[in-house]
Amino acid sequence: MAERVIPLVDHRTAALPLPRAQTPVAAGTLLDARARPLRDLRISITDRCNFRCGYCMPKDVFDGNYAYLPHAALLSFEEITRLARLFVARGVSKLRLTGGEPLLRKGIETLVAQLAALRTPDGRKPDITLTTNGSLLMRKARALKAAGLDRVTVSLDGLDDAVFRRMNDVDFPVADVLAGIEAAQAAGLAPVKVNMVVKRGTNDDQILPMARRFRGSGVTLRFIEYMDVGATNGWRMDEVLPSADALRRLQAEHALTPLSASAPGETAERWGYIGAGGGHDPALGEVGFISSVTQAFCGDCNRARLSMDGKLFLCLFASQGYDLRALLRGGADDAQIDAAVSAIWQARANRYSELRASLPPDAAGGSRRVEMSYIGG
Ligand code: SAM
Ligand code: SF4
Ligand code: SF4
């Protein structure tokens, strides 16, 4: 694994300017150096996956010789829950489990149940969600819902079986993912979102079939620009299909109207299908565009990421993580961990997507950048 770990040092806060609060935030909420609150914690619970999507875990790198982490290196469910409790006390209201493929982690329902018992300072249950490739969802949707999972996001890159099998590179059929999505809907893990990474020349011909399939189905489809995340996928700008192009293709077939963001820090730009009444028809639903390449949204990025071995990352494009596992296993008490997390977040100034165009190609870690499968999406 190519990440570096920064030792925890408390003097990081010393030289910081006072944060400029833009919106009122509850006492105890952490603001970073650009006045962004910490709201969303993405927890990667495994570095393993049963797919080999070329943009994430290309087969030639993630092969039989790849050194995955041993089980003892992974945070236990108790360690994850302890950290999550401290984050929730500091204003995190959304917990997203990811990976690798999170449904491969044995006993994930137990972890979900532990997280579902947490409460925000004002007594609410945090929103608990999961990003999955959907391959095991058919089997697990009901148990996950029963354990307290609120929602699920399923990744699906096309409806054409040949295109999809090529993209997951393990010959996995579309039909099984679609069955997983239906199982999630039937279990009440709503609203189900479907994420489609668009690669120009590979699956951009799937934009319209995907939109047709999910329009009016209760599923929100989101198109994600292929990102230069990690160091193994051989990313090239000419394989990015800008969201504006995807939107134009959709508009050639469907009438759409822009919708406002549903929450601060929302990653997707939302467009609603226009119905017979001339306005957005909620029964037809909406689509979203996540444009981290062509339209930076760092300004209100409120997301932190925890790797399966307990490193805290402040940006998807970071090359360095802060070793919280060392604190957990070194006997630190809650107050010490809370102080460390606070200092780390308050010093955060990351805004890679905003700077991308002006950075040299090897910036933000370059070949040392962590993989998406390590810190999750
Ligand atoms: N295995 C699960 C899945 O595929 O949903 C969860 C982990 S995966 C790393 C999380 C999300 O990251 C997925 O929606 C995936 O499509 C997206 N992703 C991975 N690599 C990407 C890339 N290079 N550009 C854009 N999205 C990417
Ligand atoms: Fe696995 Fe998800 Fe990465 Fe695809 S995107 S290889 S399913 S972790
Ligand atoms: Fe957040 Fe980093 Fe993405 Fe900007 S580039 S939106 S700071 S994760």
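Which residues in α6 meet which residues in α7? Start there, and keep in mind that this is a predicted model. On the α6 side, look for I207, L208 and A211. On the α7 side, their partners are A246, R249 and L250.

Now step back to the two helices themselves. Helix α6 covers residues 207-214, and helix α7 covers residues 243-251. Their axes come within 10 Å and cross at roughly 60°. What kinds of residue make the contact of α6 with α7? They divide into 5 nonpolar, no polar and 1 charged.

Move on to another helix pair, α1 and α9. Helix α1 runs over residues 77-89, and helix α9 over residues 334-346. The two pack at an angle of about 60°, and their axes are 10 Å apart. These helices, too, are therefore oblique to each other. Their crossing is right-handed. From α1 come R82, L83, L86 and F87. From α9 come D334, I337, D338 and V341. Sorted by type, the residues of this contact give 5 nonpolar, no polar and 3 charged.

Is L83 buried or exposed? Its relative accessibility is 0%, so L83 counts as buried. Look at what surrounds it. Setting aside neighbours within four places in sequence, L83 is in contact with L75, L306, L324, L328 and I337. Take L328 from that list. L83 and L328 are 245 residues apart in sequence, yet their C-alpha atoms are 8.7 Å apart in space.

Next comes helix α2, residues 108-116. Which of its residues are buried? They are I108, L111, V112, L115 and A116. An α-helix has 3.6 residues a turn, so residues three or four places apart point the same way. What do the buried residues of α2 pack against? The list is α1, β3 (94-98), β4 (127-132) and α3 (137-147).

With a relative accessible area of 42%, T110 is partly exposed. T110 and D169 are 59 residues apart along the chain, and their C-alpha atoms are separated by 31 Å.

Finish with α2 and its partner α3. How do these two helices lie? They pack at an angle of about 25°, with their axes 8 Å apart. That makes α2 roughly parallel to α3. The crossing is right-handed. Helix α2 brings I108, E109, V112, A113 and A116 to the contact. Helix α3 brings K140, A143, L144 and A147. By type, these residues divide into 7 nonpolar, no polar and 2 charged.

Notes. Residues are numbered from 1 along each chain as its sequence is written. Chains are lettered from A and ligands numbered from 1 in the order in which they are written. This is a predicted model: local features need pLDDT of at least 70, side-chain atom pairs count only at pLDDT 80 or more; totals for chains, interfaces and linings use all residues. Side-chain values use heavy atoms; hydrogens and water are left out. Axes are lines fitted to C-alpha atoms, for helices over the stretch in contact, and angles run from 0 to 180 degrees between N-to-C directions. Helices (H or I, at least four residues) and strands (E, at least two) are DSSP runs, numbered from the N terminus. Angles under 35 degrees count as roughly parallel, over 145 as roughly antiparallel, 65 to 115 as roughly perpendicular and the rest as oblique. A crossing is left-handed if the near helix is turned anticlockwise from the far one by less than a right angle, and right-handed if clockwise. Contact means heavy atoms within 4.5 Å. Ala, Val, Leu, Ile, Met, Phe, Trp, Tyr, Cys and Pro count as nonpolar, Asp, Glu, Lys and Arg as charged, and the others, Gly among them, as polar. Buried means under 20% relative accessible area, exposed over 50%, partly exposed in between (1.4 Å probe, protein chains only).
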